[in-house]
Amino acid sequence: MSWGFLQDILSGVNKYSTGIGRIWLAIVFIFRLLVYVVAAENVWKNELKEFECNIRQPGCENVCFDHFFPISQIRLWALQLIMVSTPSLLVVLHVAYRESREKRHKKKLYKSPGSMNGGLLCTYLISLIFKTGFEIGFLVLFYKLYGGFNMPRLVKCDMRPCPNTVDCYISKPTEKKVFLYFVVVTSCLCIVLNVSELSYLIFKYSIKCCLEIYDKKVQTMKSECQKLKYVEPDGIASTTLFHSNASPVLVHIPDKPESNLPTDLREG
């Protein structure tokens, strides 16, 4: 199987990822994709031919193999790699849409087509949710199909057309068990990274929105304070008070307070 298309998708989204997202990409490339192509694919090669039962009844081995391995584990792993990587294509397509929109309008509509804000941020968060969901879903599927993450050496089969309960032997059980544990560990690590990145982005942009709302309130308060004015004309100090839903009130303060002395003393 050629994995070039998957490499192109992941390389394209690397430019728009956060630091945590780049760690996720490195794990997918090195510890999952390369391990699958270089080593794991050969371990499961010819697994049906190497599955042997201690009876030569025609069809018995095929039926027992189908019973214990309804889907080939290595093919399920390949499907998992494809499904957890393709949501990143949403981010690449969104950036391409922004670039084509700027070309169509022949003007700059964004600070940068790859800037993480607005719709692109929502697309990125949705891709993280899908990746996490696929990872968890495939782990559950592995567990349900094969009764856990163990690889037994011997399985007993009594499926027809086998005449009785027969012993069947799985090839390379220890090596396959190691790779299965490797798949589980890397999948769990990718889930942790996806959840961490999702939490980080939500927290970061929530703080940013709160600060923007706070700045708007401060600006509003400053503009309201500028409406309050103090005026001092000749001989009379007056203060004009502004209310939001009332007309201005003018308060007159006399120059000198009236004295309670008799008239003749005031005139003298």
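Pro161 is located in the loop that runs between β2 (154-157) and β3 (166-169); helices (H or I, at least four residues) and strands (E, at least two) are DSSP runs, numbered from the N terminus. The peptide bond joining Arg160 and Pro161 is cis, with omega about 15°. This is a predicted model, in which local features need pLDDT of at least 70 and side-chain atom pairs count only at pLDDT 80 or more, while totals for chains, interfaces and linings use all residues. Residues are numbered from 1 along each chain as its sequence is written, and side-chain values use heavy atoms, with hydrogens and water left out.

Lys172 is not a glycine, yet its phi is positive, at about 50°. Most residues other than glycine have a negative phi, and most peptide bonds are trans. The relative accessible area of Lys172 is 35%, so the residue is partly exposed; buried means under 20% relative accessible area, exposed over 50%, and partly exposed in between (1.4 Å probe, protein chains only).

The protein contains 8 helices and 6 strands. Along the sequence these follow the pattern α-α-β-α-α-α-α-β-β-α-β-β-β-α. Of its 268 residues, 35% count as buried.

Two packed helices are described by the angle between their axes and the distance between the axes. Axes are lines fitted to C-alpha atoms, for helices over the stretch in contact, and angles run from 0 to 180 degrees between N-to-C directions. Helix α6 (residues 118-146) packs against α7 at an angle of about 155°, the axes being 10 Å apart. The two helices α6 and α7 are therefore roughly antiparallel; angles under 35 degrees count as roughly parallel, over 145 as roughly antiparallel, 65 to 115 as roughly perpendicular and the rest as oblique. The axes of α2 and helix α4 (residues 73-85) come within 12 Å and cross at roughly 155°, so α2 and α4 are also roughly antiparallel to each other. The crossing of α6 and α7 is left-handed, as is that of α2 and α4; a crossing is left-handed if the near helix is turned anticlockwise from the far one by less than a right angle, and right-handed if clockwise.

The structure holds 2 salt bridges, each defined by a side-chain nitrogen of Lys or Arg within 4 Å of a carboxyl oxygen of Asp or Glu.

| Salt bridge | N to O distance |
|---|---|
| Arg32 and Glu135 | 2.7 Å |
| Lys156 and Asp167 | 2.7 Å |

Arg32 lies in helix α2 and Glu135 in helix α6, so this pair ties together parts that are 103 residues apart in sequence. Arg32 is buried, at 0% relative accessible area, and Glu135 is likewise buried, at 0%. In the pair formed by Asp167 and Lys156, Asp167 belongs to strand β3 and Lys156 to strand β2, 11 residues apart. Here Asp167 counts as buried at 18% relative accessibility, whereas Lys156 counts as exposed at 53%.

Helix α2 (residues 19-43) also contains Phe31, which is partly exposed with a relative accessible area of 41%. Together with Ile30, Leu34, Val37 and Val38, Phe31 forms a nonpolar surface patch with about 450 Å² of accessible area.

How values were computed:
Patches are made of residues with over 30% relative accessible area and no salt bridge: like charges are joined within 9 Å, nonpolar side chains (Val, Leu, Ile, Met, Phe, Trp, Tyr) within 5 Å. Accessible areas come from the Shrake-Rupley method with a 1.4 Å probe; for residues, only the protein chains shown count as cover.
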